[in-house]
Amino acid sequence: MSSLKRRRGAARERPRPRLRVRSAVPADLAQVIAIDARATGLAKPEYWAGILRRYGRRGARRRFLVAEAGARIVGYLVGEVRDWEFGSPPCGWVFGIGVRPDEREAGIGAALLEAITANFRRLGVATVRTLIARDNQLVLSFFRSQGLMAAPVIPLEKDIG
Amino acid sequence: MRLQKNTLLALYSVLEFAAQPGSQLSVAGIAASLRASPHHLAKVLRTLGRAGLVDSVRGARGGYRFAGNARRVTLMDVIGLFEDIGAPPPRARRGRRPAELALEEVLTEIDDTARATFGSVTLDTMLKLIGRRDGRG
């Protein structure tokens, strides 16, 4: 067995701390900012402080969730229910999701999505929706794997610079 | 959106293989289930084999088995082996009518969306989708 295979095997066999999905609190923010910065290449502390202010409380319609394994934040998700946007009946929107790269493919994104989906269902919402850049194959593939299909809407934009 | 016959045959057969990882399937068996010519299918499978998606097993009871990673291989990976989706040769803008250029812009938009869709759906996701359509998922 090669050393690479041994290392991979050891990583697989390492017992994982129990995963817990809960509402975000101020102490989580630094780790959330770091996960987002790793994925996007840009740290946005003010943006995330705003998200925590608006979505961090345990309001039912707006949720800022984190996935915690041991003492470590391994993922986050932000979403909300939006009513009658462009004529669409109340719909659950997920507009932010991130998982630590070294923790991917361990069901963390799925657990976060399941948690917010359950929340949306409790509010009587029948559809969950998201918007992803066409070239973001990683996140696009994740949502596809969770059963999301193309929505009957077309996002449009115009360069006004 | 229409895919060529070879592409469809490749997609259906690679999904058959991915649904039974580790199992060795005969060309004749898959051809029968897909109602395709074994000769035609064999050519498609050789292309899939060269791409590392299936392994051929030689011998009297030979056949093919899945060699890819269903969670990583996307529909685009398979389609791209057989056809180019919306990849027209680049043409100079000079001398072309504005309507021609505008229509090309819209067609490119459609092609980009098709490529992004095929590139985001893995074989594993397709198997889940098939399961749901079959009432199993």
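How many bridges join strand β3 (residues 72–82) of chain A to strand β4 (residues 91–99) of chain A, and do the strands run parallel or antiparallel? The legends below refer to a predicted model.

**View 1. Pairing of β3(A) with β4(A).** The two strands are joined by 8 bridges and run antiparallel. Tyr76(A) has Gly98(A) of β4(A) as its bridge partner. In a regular strand, side chains alternate between the two faces of the sheet.

**View 2. Pairing of β4(A) with β5(A).** Strand β5 of chain A covers residues 128–130 and runs parallel to β4(A), with 3 bridges joining the two. Opposite Val94(A) stands Thr130(A) of β5(A).

**View 3. The β-α-β unit of chain A.** β4(A) and β5(A) form this unit together with helix α4 of chain A, residues 108–122. The unit is right-handed.

**View 4. Contact between chains A and B.** On the chain A side, 7 residues are in contact with 10 residues of chain B. The chain A residues comprise 2 nonpolar, 3 polar and 2 charged.

**View 5. Crossing of α5(A) and α5(B).** The crossing is right-handed. From α5(A), the contact is made by Gln137(A), Leu140(A), Ser141(A) and Arg144(A). From α5(B), Ala116(B), Gly119(B) and Ser120(B) take part. The residues of this helix contact divide into 2 nonpolar, 4 polar and 1 charged.

Note on methods. Residues are numbered from 1 along each chain as its sequence is written. Chains are lettered from A and ligands numbered from 1 in the order in which they are written. This is a predicted model: local features need pLDDT of at least 70, side-chain atom pairs count only at pLDDT 80 or more; totals for chains, interfaces and linings use all residues. Two residues are in contact if their C-beta atoms, placed from the backbone, lie within 7 Å. Ala, Val, Leu, Ile, Met, Phe, Trp, Tyr, Cys and Pro count as nonpolar, Asp, Glu, Lys and Arg as charged, and the others, Gly among them, as polar. Two strands pair if DSSP finds at least two bridges between them. Helices (H or I, at least four residues) and strands (E, at least two) are DSSP runs, numbered from the N terminus. A crossover is right-handed if, with the strands pointing away from the viewer, the path from the first strand over the helix to the second runs clockwise. Axes are lines fitted to C-alpha atoms, for helices over the stretch in contact, and angles run from 0 to 180 degrees between N-to-C directions. A crossing is left-handed if the near helix is turned anticlockwise from the far one by less than a right angle, and right-handed if clockwise.
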